[in-house]
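Okay, thanks for making time, everyone. Let me put the model up and walk you through a few spots.

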Amino acid sequence: MTTIADVARAAGVSVATVSRTLHGSLKVDPRTRERVLAVAAELEYVASPTATSLASGRTNVVAVVAPMMSRWFFASIVTTIEFALREAGYHVLLMVLDEPPEEGRSRLTPEMFAKRVDGIIWLNVAVSSPELALLRRLSLPMVCVGTPIDQAPTVMIDDHEAARAAVQHVLDLGHTEIAYVGTAVRSIAHMSTPAARVAAYRQALTEAGITPRDGWVIASDWTADAAGADVEPVLRGTPRPTAVVAASDEMAIGVMGTARRLGLRVPDDLSVIGIDDHTFAHAMGLSTVRQDVPAQGRAAVELLLAGMRERCDAPAVRLEMRTALIARDTTAPPARS
């Protein structure tokens with residue numbers, strides 16, 4: 001493996017000069033810098049990350065904090081973030097906080113961040129008071145996606161509007177018997193998205209003069225399997241809904257699977273709509289409200305890079321990304337009695 005001494009010897013300069021050159025020092029003669037960089041490239045020299053960090057005070061590592069990785073949204077956005085940061089010369093340190101925060105306790109320690117990362121991207125994870133205090137003490141540039149924290153810049157969609165658009169779509173088709181799946185269970189209760197979306201469902205029905213039936217607002221763990229199982233008693237019941245609004249496409253896919261197993265035709269007997277525009281949504285003809293997940297990831301990286309360059313307190317930016325209703329094959333007017 002090539003060492004910094006090998007580069008210095010081949011370039012005819014001191015080790016200190018090589019070090020200053022690779023760290024971007026302006027004190028190196030331009031001709032010397034050009035020669036050193038050419039030799040380093042020829043010898044495929046890679047500087048020690050530890051040494052570089054000690055010299056520059058930067059790690060070129062960004063912490064990405066997520067509540068889970070088993071959901072399509074988080075897997076997709078973390079992939080986008082990793083690609084974008086890699087192109088900018090940064091590595092990702094992934095931290096998964098899969099348990100809701102307990103008030104008065106912290107899932108975080110200073111050692112998880114201090115001198116290990118240059119910034120933080122925080123993905124829809126609520127924080128306890130001690131965790132918020134720690135993040136403030138660290139004073140690292142941070143960008144949130146989804147749930148805002150303190151004064152950090154935030155990339156988000158309007159979850160209330162996304163769910164309202166989904167409900168309004170089936171209302172406009174003439175449905176009045178509308179169930180909803182996706183209220184929060186404990187594993188996701190700490191996230192703001194479930195509460196905002198179910199609130200929009202209730203509000204849209206109230207404004208349409210409709211009272212949701214008892215048992216038709218269904219808690220689920222936001223997976224296809226869980227939603228399919230949780231919605232089954234409602235689809236077996238009498239009366240049964242003519243439409244189901246799911247808080248995510250993954251849950252909508254589970255609802256469709258259960259409907260098919262029970263002999264219900266989608267959309268003839270049951271209209272189904274989700275939110276996200278999941279990878280499988282187009283292939284399955286699923287009506288949905290689309291959010292551009294990769295665009296959110298890229299926007300978060302751009303905001304963080306700007307914050308790390310400036311190293312100053314920026315105003316709290318709320319960058320709201322657009323959503324769009326996409327009506328496909330799983331929604332239609334209700335069948336006539």
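**A quick tour**

Pro239 is found in the loop between α9 (224–236) and β8 (243–246). One thing to keep in mind as we go: this is a predicted model. Back to that loop, then. The peptide bond joining Thr238 and Pro239 is cis, with omega about -5°. There's a cis bond between Val266 and Pro267 as well, and there omega is about 10°. You'll find Pro267 in the loop between α10 (249–261) and β9 (271–276).

Is Lys115 buried or exposed? Lys115 has a relative accessibility of 83%, so it counts as exposed. Ser139 also has a positive phi without being a glycine, this time about 55°. Ser139 sits in the loop between α6 (129–138) and β4 (142–145). With 48% relative accessibility, Ser139 counts as partly exposed, because exposed would need over 50%.

Now, a helix. In α1, residues 4–11, the buried ones are Val7, Ala8 and Ala11. Looking down the axis of α1, those buried residues stay within an arc of 100°, so they line one face of the helix. Why does that spacing work? An α-helix has 3.6 residues a turn, so residues three or four places apart point the same way. On the face of α1 turned away from the buried side, you get the exposed residues Arg9 and Ala10.

Next, the rings. How many aromatic pairs does the structure hold? Two. Take Phe73 and Phe74: the ring centres are 5.2 Å apart and the planes are at 90°, so that's an edge-to-face pair. Both Phe73 and Phe74 are buried. Elsewhere, Arg213 has its charged end over the ring of Trp216, 5.3 Å from the ring centre.

Helix α5 (72–87), strand β5 (154–157) and helix α8 (192–207) each supply at least two. By class, the lining has 13 nonpolar, eight polar and five charged residues.

That's my tour, so over to you.

Terms used: Residues numbered from 1 in each chain as written. Predicted model: local features only at pLDDT ≥ 70, side-chain atom pairs only at ≥ 80, totals over all residues. Heavy atoms only, no water. Helix = DSSP H or I, 4+ residues; strand = E, 2+ residues; numbered from the N terminus. Nonpolar A, V, L, I, M, F, W, Y, C, P; charged D, E, K, R; others polar. Phe/Tyr/Trp six-rings, centres within 6.5 Å; stacked < 30°, edge-to-face > 60°. Buried < 20%, exposed > 50% of the residue type's maximum accessible area, 1.4 Å probe, protein only. Lys NZ or Arg CZ within 6 Å of the ring centre and 35° of its normal. Arc of directions from axis to C-beta.
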